[in-house]
Amino acid sequence: MEALLGYEWRSRLTAAWLIGVDRRERFRARIGDLLLASEVCYSGSAYCFTLAHFGTHADAEILTAYLDHYLPRTDLHYDQPAALGALLRLDALLGTRHADRFTEPDGLWDEWVKGVGRLGYPSHIPAEQRRWADLQCEFANGWRRL
């Protein structure tokens, strides 16, 4: 897995999904580092899935750090929607409210959506991002039962 995480986006995406489905939590720090670095496109959503599927407070901290760093950047459309969806899922599972400060009216999420909207990106609704994170984790749970 470590070798796959060191290559381009396709191998990183594949590795992240395999790590997430199998809940190989020993890769948590590496996944968190890759998410925060945002070096390549497309793989970040898989990192967010992995953290959502791990389902711990440590994963919520990583996602919170990512959103703290990238939501103020209204000129960047990276993996903010996937990160928020994963964090909302974790809040529901853990009984926490980490995402509240991002999603309050006129908060960081609204400002980011307005900013990337000016760049032509679609609006992202938090509840829809959470639903997508739930669907991915349910899909992974189905694979684990086989």
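Mentor: A cavity is a set of grid points where a 1.4 Å probe fits but cannot get out, and its volume is the space filled by probe spheres set on those points. Please keep in mind that this is a predicted model.

Trainee: How much space lies in the largest cavity?

Mentor: The lining of this largest cavity includes Cys48, Phe49, Trp132 and Gln136. The space that lies in the largest cavity is about 50 Å³.

Trainee: Which elements each supply at least two residues of the lining of the largest cavity?

Mentor: Among the lining residues are Cys48, Phe49, Pro81, Ala82, Gln129 and Trp132. By class, the lining has seven nonpolar, three polar and no charged residues. Cys48 and Phe49 fall within 44-54, Pro81 and Ala82 within 80-94, and Gln129 and Trp132 within 126-144. The elements are therefore α4, α6 and α9.

Trainee: How many charged residues has the lining of the second largest cavity?

Mentor: The second largest cavity has a volume of about 40 Å³, and its lining includes Arg12, Glu39 and Asp79. Because Asp, Glu, Lys and Arg count as charged, these residues belong to that class. Beside four nonpolar and three polar residues, the number of charged residues in this lining is three.

Trainee: Are α4 and α6 roughly parallel or roughly antiparallel?

Mentor: The axes of α4 and α6 lie 9 Å apart, and the two helices pack at an angle of about 5°. Angles under 35 degrees count as roughly parallel, so the arrangement of α4 and α6 is roughly parallel.

Trainee: Which residues of α6 make the contact with α4?

Mentor: By class, the residues of this contact divide into seven nonpolar, one polar and one charged. From α4 come Ser45, Cys48, Leu51 and Ala52. The residues of α6 are Ala82, Ala83, Ala86, Arg89 and Leu90.

Trainee: Is His69 buried, partly exposed or exposed?

Mentor: His69 is found in helix α5, residues 57-70, and has a relative accessible area of 48%. Since buried means under 20% and exposed means over 50%, His69 is classed as partly exposed.

Trainee: How far apart in space are His69 and Gln80, C-alpha to C-alpha?

Mentor: In sequence, His69 and Gln80 are eleven residues apart. Their separation in space, C-alpha to C-alpha, is 9.9 Å.

Notes: Residues numbered from 1 in each chain as written. Predicted model: local features only at pLDDT ≥ 70, side-chain atom pairs only at ≥ 80, totals over all residues. Heavy atoms only, no water. 1 Å grid on protein atoms, 1.4 Å probe; cavity = no way out; pocket = protein on both sides within 12 Å on 5 of 7 lines; lining within 4 Å. Helix = DSSP H or I, 4+ residues; strand = E, 2+ residues; numbered from the N terminus. Axes fitted to C-alpha atoms, helices over the stretch in contact; angles between N-to-C directions. Parallel < 35°, antiparallel > 145°, perpendicular 65-115°, else oblique. Contact = heavy atoms within 4.5 Å. Buried < 20%, exposed > 50% of the residue type's maximum accessible area, 1.4 Å probe, protein only.
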